[in-house]
Every structure is written in structure tokens, then in C-alpha cells.
Amino acid sequence: MKVVVGLSGGVDSSVTAYLLQQQGHEVVALFMRNWNDASVTLEDECPWIEDSNDALMVAQKLGIPFQVIDMSDLYKERIVDYMFDEYQKGRTPNPDVLCNREVKFDVFMKTAMSLGADKVATGHYARVDSTIDENGKEIFHLLAGKDNNKDQSYFLCQLSQDQLSKALFPIGELTKPQVREIAKEIGLVTADKKDSQGLCFIGKVSLPQFLQQQLVPKEGEIVEIFKDSPLFAEEMPEFSLKQEELEYLSRKINYKKTDGKVIGKHQGAQFFTIGQSKGLGIGGHKESCFIISRDMENNILFVGEGHQFPGLLKRALKIDNSELHWVREDLRLKNGESMEVMARFRYRQPLQKATLHQFEEAFYVEFEEPQSAIAEGQFASWYIGEELIGSGVIS
Ligand SMILES: Nc1ncnc2c1ncn2[C@@H]1O[C@H](COP(=O)(O)OP(=O)(O)OP(=O)(O)O)[C@@H](O)[C@H]1O
């Protein structure tokens, strides 16, 4: 089989290429360049050249063909511009999930296929497997990586059956220490390299940090909301309809300045995320203060004291039907149906017990335990056992 490997100059994809070669495949390496704007090269450094050199050395060592492809226009259009718009709207999308859906497993995959590849491999800690259903159709399963510490299935939560059918993740069976061990044994230059910065970095900073540097600072107020606010006093009403209860549990409280007290200033609400406590510069509290809400229009940050602050915790999250993605199309819920799953809405968050609910108007994830800092624009994903079966953008 001919396999194109996305070789990033890091240890994971280096070992990926090696393992595929060992399995007897014809391996070709491609390095993607994602950033092309000399005016914003940071600190006069050009890490992509360093990474592409490392990738080239690995390819030479393994004796496999190596090519660099320039994806910078596409990257700007599909990732940078999109993320920038989302940030301005006050949402916090995950760039790694987008990079996989829009770049690595879309245009990059298509390029690889046009070079005659049967499959595309990356150094993700995840596994893909397939079974045949009763109609003889092959169903692909996206499984968590064997290394619990490194599992990257969350980043792949927006992939489709078609994309999975062409994907290989050979290191998903291994732990990170095992991967480093293999790299050392065969003398790859990347063996001791710290985790490479991947596609979602520009220079030394992550894409979110980079975007924040592009946003214009504007002074605004920090308003503290207190535990005894009447906003939290009300008992949960009795609902006769499940959907009304879920809507209530996932609702966003629109705080007003008059609901609390101004306790400080910030340099722009768009620089902060829900749940953040660092960088607020407010003292005089027993516990840390956390951002519980942002009013983008009036540039106000609302904070509450302590990580158990009621405004920080939610029992459910909502996903618009148009933002819902089932990796396992065959398991998609119909209107009125529910399903018990394990879910997470952040990379590396321990899986949480949850129930999915599909209604005609929207989809909800209801958690058994209240969850902290659910932020709009992030991806929620859900699993049965080791298998990631679907995901969606939190609305
Ligand atoms: N610039 C790139 N060119 C080609 N493939 C890439 C590039 N960046 C990332 N990839 C692919 O995506 C995978 C996951 O990327 P990620 O940024 O998460 O890096 P990582 O987990 O540190 O892996 P690695 O150690 O291989 O860099 C990589 O293993 C590689 O296969």
C-alpha cells in the first residue's frame, strides 16, 4: 500500500513513518508549510524551516521521498480568518480540531490521494478500526489512543466516515515513552525533541495567542457578581417538558453591570475566556476570581469568586442541529431520542457521564455532574467506551 505521512519534524510523525515502513508499505513524506507572511514572523525566528529540516533529515534517514507543500493561503483562509472572526464574536474555537477537519484531512488528504496514495497517516495518538454491518457496509470507528495521557481523539472529533476510511494512526497503539524509545533506538534526530508545535502555531506562539496579538486593546470594566445575587436564588422551576428543563440548564445568563460591582479594569474582553482566572489583576479575595461571562458588546467581563461559583457551573450544554456532527452516522439520534454516553468539551478533560437528547429544534448534552466553564464555540465530543461517536460546537 502507498501511504503518505504528514511529517511535521516532531517525534510522533517520525516514528509513524518508520512503523509504516516496517509494515512493508511504500511511504512518502509531506511537510506542510502553513505560514507565509514575512511581516509577522515573530522574534526573527522561522521555526517552520527548522521543523522542515528535521523532517527532511528523518526522511533521509529512513530513505523515503520527501516534499514540502505550501498550504499557507488555505491555512489563512480556512483557519486564521475563521478563528479571528470567532474571537471577535467572543467565541473560543479549538484550532487543532479545525486544522484536522479543514487542512490535514481535507486539502492535505486530497493532495496525498492525487499523488496516488491509498491512505494518509499522521502521528496522532488515536486509533481507527472498522467492522462490517448487517448490510455489508464497512463502518469506521475512531478510538482513543492507547496512551491515556496522550489520547488525541478529541482533536479528530470532526472527521467523517470518508476521512477515517483513508486515515492511519500507527502510534495510537503505543505510549509516548514507547514512541520516544523507538526513535532513540533507530537514531532519529527527533528522538529527544520536545513536542513539536504542529500546524496551529505561528512562530513560537499558538494561533489563539497570535490572534489575540492582532486584536485591538480597548479598556473595559470587570464586574463582580456575588453568590447571594438574586440571579442564583431562584429554585429550579418544575418543567413538564424535558426540552424546557434542558434549555433552562444550558441557558446563558445575560448579566448586567447593575447585577454586581465594578472591581477593576481589563484591556479587552476578547482577550479572555470563560473560566479564566489568570491575568485579571484583581486582589482582595480569599479565593481566585473566575470569568463567568463576557458581554462583548459593552466590553464587560463578569467574574465570580471561587471555582464552585454558581455562575461557572452548568448541568447541560446546547448544540444547534446545524453544528452537530456524527462520526458514526449510523448512530445519529432521531427527534425525541436520548442516549447515554461519556462526554468531554476540552482536550484532556476526563470523560464525564452524560445523556444526549435530540429534539427537533436543538440537541443537548446533559451531564450527571455540574460542569465548570463551558464556553461557546468549543467542541463537545461524546464516546461509547473507547469510541468517539460524535461532536458539535457549543452554542
Ligand atoms: N507541518 C506539518 N506537516 C505535515 N504534517 C503535520 C504538520 N504538522 C502536524 N502534522 C501532522 O499532524 C500530526 C499531529 O500534529 P500535532 O501538531 O498534534 O503534533 P504532535 O502530536 O506533536 O506530533 P509530532 O511529534 O509528529 O509533531 C503530526 O504527527 C503530523 O503527522
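Val3 stands opposite Lys119 in S4, where strands (E, at least two residues) and helices (H or I, at least four) are DSSP runs numbered from the N terminus. The model is predicted, with local features needing pLDDT of at least 70 and side-chain atom pairs counting only at pLDDT 80 or more, while totals for chains, interfaces and linings use all residues. Residues are numbered from 1 along each chain as its sequence is written, and side-chain values use heavy atoms, without hydrogens and water.

Strand S1 (residues 2–6) pairs with strand S4 (residues 119–121) in the parallel sense over 3 bridges; pairing requires at least two bridges found by DSSP between two strands. An open sheet of 5 strands is formed in the order S3-S2-S1-S4-S7, with parallel pairing. Its edge strands, S3 (66–70) and S7 (167–168), each pair on one side only.

Helix H4 (residues 95–114) lies across S1, S2 (26–33), S3, S4 and S7, and runs at about 130 degrees to S4. Axes are lines fitted to C-alpha atoms, for helices over the stretch in contact, and angles run from 0 to 180 degrees between N-to-C directions.

Helix H1 (residues 11–22) packs with helix H6 (residues 176–185) at an angle of about 65 degrees, the axes being 9 Å apart. H1 and H6 are therefore roughly perpendicular to each other, a class covering 65 to 115 degrees. In the contact (heavy atoms within 4.5 Å), Val11, Asp12, Val15, Tyr18 and Leu19 of H1 meet Lys176, Val179, Arg180, Ile182 and Ala183 of H6. By class, the contact of H1 with H6 has 7 nonpolar, no polar and 3 charged residues; Ala, Val, Leu, Ile, Met, Phe, Trp, Tyr, Cys and Pro count as nonpolar, Asp, Glu, Lys and Arg as charged, and the others, Gly among them, as polar.

Definitions and conventions:
Angles under 35 degrees count as roughly parallel, over 145 as roughly antiparallel, 65 to 115 as roughly perpendicular and the rest as oblique.
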